[in-house]
Amino acid sequence: MRVAAVVLAAGGSTRFGRSKQFALFQGDTFIKRIVAAAIEAGCAPVVVVTGEDSAQITSELTQFAVTIAMNPDWQSGLGSSIVVGIRHAMNQDPDLDAVVLLTCDQPFVTVAVLAQLIQLRLTSGKPIIASAYAETLGIPALFDRSCFPTLLQLKGDSGAKGIILERQHDVASFDFPAAEIDVDTAADYEKLDQPVAGHATRSG
């Protein structure tokens, strides 16, 4: 199965106060960690969608075989970045079977998580594989190519979660509680550094 990864890294990190793509976690930057996990999981191509930090992200990822896709309309929201990423992935490999959507700010997404998402696509036969956490479904998520036309219609700040929730009959869920931990603020980031891993959770 030919699975691309689209890494959504175009956000301005306004709530974080600086570019969170370059925040360090377990010895590497968020952006390097997620790209390395996608490559190791066998995703190809790996498309990194960038915004105002495009040059810095490109420089950060020189050691990786990735495609950088600049979203000129990144400020309009996540939907526009998903569209840019899917288009670039399809241009790189017109015979793609699926795309995995990823962000930089879920630090516990690993190669093992991605491998299980891909495996569940094969065993479940469902066109959408979504992470289940905090009584909801979301990304990281895998979308079969039959979903590409719907993804390409996203606009503004409408992300893939709406598609997942609207089409739950098409979804196989992957139990991944740690997907709830995303780093939006400096306080979220500080929680990651607590010595007791069990404390690195947050509500809401």
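Predicted model: local features only at pLDDT ≥ 70, side-chain atom pairs only at ≥ 80, totals over all residues.
For a pair of cysteine sulfur atoms to count as a disulfide, they must be within 2.5 Å, and a search of the whole structure finds zero disulfides.

| Cysteine | Relative accessible area | Class |
|---|---|---|
| C43 | 6% | buried |
| C147 | 0% | buried |

The cut-off behind this class is a relative accessible area under 20%, so C43, at 6%, counts as buried, and C147, at 0%, counts as buried too.

Turning to helix α3, its 15 residues, 78-92, should span 21 Å at 1.5 Å a residue, and because the end C-alpha atoms are 21 Å apart, the model agrees with that expectation. The buried residues of α3 are G79, S80, S81, I82, V83, V84, G85, I86 and A89. Among the elements that cover these buried residues are the strands β1 (3-9), β4 (46-50), β5 (67-70) and β6 (98-103), together with the helix α5 (148-151).

As for confidence, the mean pLDDT of the chain is 88, and 90% of its residues reach 70 or more. Over residues 194-204, however, pLDDT stays under 50, and for this stretch the model has 13 contacts beyond four places in sequence.

Methods
Residues numbered from 1 in each chain as written. Heavy atoms only, no water. Helix = DSSP H or I, 4+ residues; strand = E, 2+ residues; numbered from the N terminus. Expected span 1.5 Å × (residues − 1). Buried < 20%, exposed > 50% of the residue type's maximum accessible area, 1.4 Å probe, protein only. Contact = heavy atoms within 4.5 Å. pLDDT = per-residue confidence, 0-100.
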